[in-house]
Amino acid sequence: MDANPPTTAMYPLHRCKTIYLVRHAQGVHNVEGEKDHSAYMSPQLFDAHLTPLGWNQVDCLREHVKKSGLAQKIELVITSPLLRTMQTAVGVFGGENSVDGIENDEDVLWEPNVREANSSVAARGMKFIDWLWTREEKEIAIVSHSGFLYHTLSMYSRECHPTIREEVGKHFANCELRSMVLVDTSMLGSDSPSYNYPGSIPAGLDLPSDAAP
């Protein structure tokens, strides 16, 4: 009789990463956008800064990150180059032990007065996730935007159980953090296992443990 198919999955640890996805805290554009959705297209609000409530959200998330132990685990923080995401990233994850990384604010994909199609956002998000496998870090925080997170996760959750798909596909609240396990199912990464030990083949017969003296 054939066994029932497993309801869980198992992957080698070195082919997994943990990513912590964060939407930026409340910006002034969010306040105006709640009054009039067209305000999100306003050039004056394109690079919006955080509101006082947004800074309070940052303080609360920073406290959570410290108390939960994430501050000691996260090896790399990646952020969108817009002001509201950088303020959130530095406010939540910055500190005396932070190390300056590579800065690059060039955006070759951005076009003024053109709103990127949702399918393009999703494709860009998937390309970004693939790029993460070129990094050696295993615990990575990503500070981004509602649309980018929503459309990217929607692509990855299409094959999930409906309950998981609903959980993953929800829109992010301001300054919300979600942890995800990223699995390399296409051999994109080249990391070798850190904790595996090869052992050795014993000489002679390998007797069952109950037959050994």
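## The aromatic cluster

One aromatic cluster is formed by Phe128, Trp131 and Phe148. Please keep in mind that the model is predicted. The count of aromatic pairs comes to two.

## The stacked pair

Start with Phe128 and Trp131: the ring centres are 6.0 Å apart and the planes meet at 25°, so this pair is stacked. Planes under 30 degrees apart count as stacked. Both residues belong to helix α5 (residues 118-132), where three residues, about one turn of the helix, separate them.

Trp131, at 37% relative accessibility, counts as partly exposed.

## The edge-to-face pair

Phe128 also pairs with Phe148, and here the arrangement is edge-to-face, with 6.1 Å from centre to centre and 65° between the planes. This pair links distant parts of the chain. Phe128 sits in helix α5 and Phe148 in helix α6 (residues 146-156), with the two residues 20 apart.

Phe148 has a relative accessibility of 14%, so Phe148 counts as buried.

## A charge over a ring

Which residue lies over the face of Phe172? That is Arg178, at 3.8 Å from the ring centre.

Definitions and conventions: Residues numbered from 1 in each chain as written. Predicted model: local features only at pLDDT ≥ 70, side-chain atom pairs only at ≥ 80, totals over all residues. Heavy atoms only, no water. Phe/Tyr/Trp six-rings, centres within 6.5 Å; stacked < 30°, edge-to-face > 60°. Helix = DSSP H or I, 4+ residues; strand = E, 2+ residues; numbered from the N terminus. Buried < 20%, exposed > 50% of the residue type's maximum accessible area, 1.4 Å probe, protein only. Lys NZ or Arg CZ within 6 Å of the ring centre and 35° of its normal.
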